[in-house]
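Please view the sequence and the structure together, and then read the points below.

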Amino acid sequence: MREFKMYVIAAFILLAGFTVSVSAQDKMMKDDKAMSDAKNPVVVIIRADWCPYCRELEPKMVKLMEKFGENLNFVTLDITNRETTEKAKATAKAAGLADFFEANKTKASMVAIFKDKKQIFSTEHNTDGGDFTKAFEMAIKK
């Protein structure tokens, strides 16, 4: 699972089209159990290349991943096209998020937080990094 989380974060950065320094990438590629780690809340990001909200949110989310990565697990589901959506569907299924993905697979820029397998936060078209900081802190404290 450790490698899977590293792949998801790396894919998020690459798909977002950002250049991140090697040291920043190393910080984001932490040693943990990704989605199977029940003690950490899971942040699910549904994104697409064509989504203007996603393009605005992604640099902020990369910084938040660096800041909160020790306490949160991030799953990025790319719905840019048919191929990426199929991959996202498989990722969601493997993460136990199949029902969530099925209900939200057309909602680019959606961010949701799950704690103890229950959804505790959700937003769409929100690019305010402060809102996510508050939501992430709340999820970690619960």
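Predicted model: local features only at pLDDT ≥ 70, side-chain atom pairs only at ≥ 80, totals over all residues.

Apart from residues up to four places away in sequence, Thr 133 is in contact with Leu 64, Lys 67 and Phe 68. Thr 133 itself belongs to helix H6, which covers residues 129-141.

**Thr 133 and its burial**
- Thr 133 counts as buried because its relative accessibility is 18%, and the limit for buried is under 20%.
- The buried residues of H6 are Gly 129, Phe 132, Thr 133, Ala 135, Phe 136 and Ala 139.

**Helix H6**
- Helix H6 consists of 13 residues.
- From the first C-alpha of H6 to the last, the helix reaches 18 Å, close to the expected 18 Å at 1.5 Å a residue.
- At the start of H6, a side-chain oxygen of Asp 128 comes to within 2.8 Å of the backbone nitrogen of Gly 130.
- The partners against which the buried residues of H6 pack include helix H3 (52-68) and the strands E1 (42-47) and E2 (73-78).
- Strands E3 (110-115) and E4 (118-123) are also packed against by the buried residues of H6.

**Cysteines**
- Across the whole structure, the search finds 0 disulfides.
- Cys 51 takes part in no disulfide, and its nearest cysteine sulfur, that of Cys 54, lies 3.0 Å away.
- Cys 54 is likewise in no disulfide, with the sulfur of Cys 51 as the nearest cysteine sulfur at 3.0 Å.
- A disulfide requires sulfur atoms within 2.5 Å.
- Cys 51 is buried, with a relative accessible area of 3%.
- Cys 54 also counts as buried, at 2% relative accessibility.

Technical notes: Residues numbered from 1 in each chain as written. Heavy atoms only, no water. Helix = DSSP H or I, 4+ residues; strand = E, 2+ residues; numbered from the N terminus. Buried < 20%, exposed > 50% of the residue type's maximum accessible area, 1.4 Å probe, protein only. Contact = heavy atoms within 4.5 Å. Expected span 1.5 Å × (residues − 1). Polar contact = N/O pair within 3.5 Å; in protein donor to acceptor, adjacent residues only side chain to side chain.
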